[in-house]
Amino acid sequence: MTTAKPLRVGMVGYAFMGAAHSQAWRTAPRFFDLPLQPQLTAVAGRNASGVRAAADKLGWESAETDWRRLIERDDIDLIDICTPGNTHAEIAAAALEAGKHVLCEKPLANSVEEAERMTVVAEAAAKRGVFAMCGFSYRRTPALALAKRMVDEGRLGTIRHVRAQYLQDWLSDENAPMTWRLDKSKSGSGSLGDIGAHSIDAAQWITGQRITGVSALLETFVPERPLAGDLVGLGGHGDVGRDAPRGAVTVDDAAIFSARFEDTRFDGGAAAGGAVGVFEATRYALGRKNAMRLELNGTKASLAFDFEDMNALSFYDAAESPDAGFRRIFVTEPEHPYVGNWWPTGHGLGYEHGFTHQVVDLVHALANGTQPEPSFADALQVQRVLAAVEASAANSSQWQKV
């Protein structure tokens, strides 16, 4: 039993992200000592039978069919938004103005304008002690958090190169069915915002540098897909019958862009030029299931990460072993970020743990009355990069400032 004050959570949405967030809210207080005790108070969804079944399965005390009811309820302190991007702005603003904290999935919104309005509301709420955070959960992967620590300690020196890829293959079948992720009015963009946003946030967060300009290409390989079929995971099997209806894909299937980072790092007291970067995001890379990759090359050392080997970080120190190449750091030691609260050394973690660590960091920030990170302002910066990529791609890849 705990004597910690409860943090009563209301979640909107209960599919893929809703399940991941539910697991995190349930698990965090069982492995970490938290200053507030999360309570899974209510989950909201439009389908009455579906949301009730999800509440029972995922451990929520009650269910609502209208997210507005969550905000009206006096027994909810925080709204967790796990819905498509076109709903984020309205839900987040209403919750913050009602005095409820907000955790909102990424990308923050479907446009810069929406994200700007959300940030204004969040900053006003923060002055009243009501806080908002955007859920870029990869920040909480222990190996990436260790990479951030190493960069902050100066072990890489001045960062010169950033290479970021996010490769999946769940859309490779041209007859996989339409989902909301392929509809720009709901998702905002395709691979760019769905997975590329993670790479953008991770690269800026770890390097401590913001992207200031891009040159980009966007491509849609399959312009229409079956409207009916069987969903399996994110993809599935569409109805390919002669008269089966098909719908237009209105988002990018692949995004590639070069980037320049701002001059913020210093080496030996002299201003150092910002890094240059190359980014790629696609859901058509056959054989790549969730290859969220990041490599940094600095003046002293390099590091590399691949989420398909998420418990490891590759590191090369030019001074220590110039002829030996990269060495593999198995990120399962108690001194590594977050790891000491889990299993003995060598017993790796999984995808779901990032969401648990996100809850841990959020709860501590709320208890301390401090702004949790990434803030809506941080997420707005990512949104501006996404918009610049789209603008460049629409203008023959011409250089676009962020």
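Predicted model: local features only at pLDDT ≥ 70, side-chain atom pairs only at ≥ 80, totals over all residues.
The largest one holds 81 residues, and Phe-279, Leu-313 and Phe-376 have the most contacts inside it. As background for myself: in soluble globular proteins, nonpolar side chains tend to be buried together.

Next I listed the partners of Phe-279, leaving aside neighbours within four places in sequence. Phe-279 is in contact with Val-162, Ala-164, Ser-199, Ile-200, Ala-203, Ile-211, Ala-255, Ile-256, Phe-257, Ala-259 and Phe-261.

How many of the 11 residues of α6 are buried? I found nine, so this helix, residues 142–152, is largely enclosed by the rest of the structure. The buried ones are Pro-142, Ala-143, Leu-144, Ala-145, Leu-146, Ala-147, Lys-148, Met-150 and Val-151; I was pleased to spot a lysine, Lys-148, in that list. I also looked up what covers them: the cover includes helices α8 (191–207) and α9 (351–368), along with strands β17 (291–298), β18 (301–306), β19 (312–317) and β20 (327–330).

After α6 comes Gly-154, with a positive phi near 80°. In the loop between α6 and β7 (159–167) I stopped at Leu-156, which is buried with a relative accessible area of 1%. Not counting residues up to four places away in sequence, Leu-156 touches Met-150 and Val-151, and also Leu-296, Gly-298, Thr-299, Lys-300, Ala-301, Ser-302, Leu-303 and Phe-315.

Two packed helices are described by the angle between their axes and the distance between the axes, and I looked up both here. The axes of α1 (residues 16–31) and α9 come within 8 Å and cross at roughly 60°. That angle makes α1 oblique to α9, and the crossing is right-handed. On the α1 side, the contact is made by Phe-16, Met-17, Ala-20, His-21, Gln-23, Ala-24, Trp-25, Thr-27 and Ala-28. On the α9 side I have Tyr-351, Glu-352, Phe-355, Thr-356, Gln-358, Val-359, Val-360, Leu-362 and Val-363. What is the make-up of this contact? I noted 12 nonpolar residues, five polar and one charged.

Is Glu-64 buried or exposed? With a relative accessible area of 14% against the 20% cut-off, Glu-64 is buried. Glu-64 is found in strand β3, residues 62–64. Beyond neighbours within four places in sequence, Glu-64 is in contact with Val-43, Ala-44, Gly-45, Val-51, Arg-69, Leu-70 and Arg-73.

- Lys-106 to Pro-107 is cis, with omega near -20°; Pro-107 is in the loop between β5 (101–105) and α5 (112–126).
- Glu-373 to Pro-374 is cis, with omega about 0°; Pro-374 is in the loop between α9 and α10 (376–393).

I also looked for positive phi in residues other than glycine. Tyr-338 has phi near 70° and is found in the loop between β20 and α9. Ser-396 has phi near 60° and lies in the loop between α10 and β21 (400–401). Ser-396 is exposed, with a relative accessible area of 68%.

Definitions and conventions
Residues numbered from 1 in each chain as written. Heavy atoms only, no water. Core = buried A, V, L, I, M, F, W, Y, C linked by side-chain atoms within 4.5 Å. Buried < 20%, exposed > 50% of the residue type's maximum accessible area, 1.4 Å probe, protein only. Contact = heavy atoms within 4.5 Å. Helix = DSSP H or I, 4+ residues; strand = E, 2+ residues; numbered from the N terminus. Axes fitted to C-alpha atoms, helices over the stretch in contact; angles between N-to-C directions. Parallel < 35°, antiparallel > 145°, perpendicular 65-115°, else oblique. Left-handed = near helix turned anticlockwise from the far one by under 90°. Nonpolar A, V, L, I, M, F, W, Y, C, P; charged D, E, K, R; others polar.
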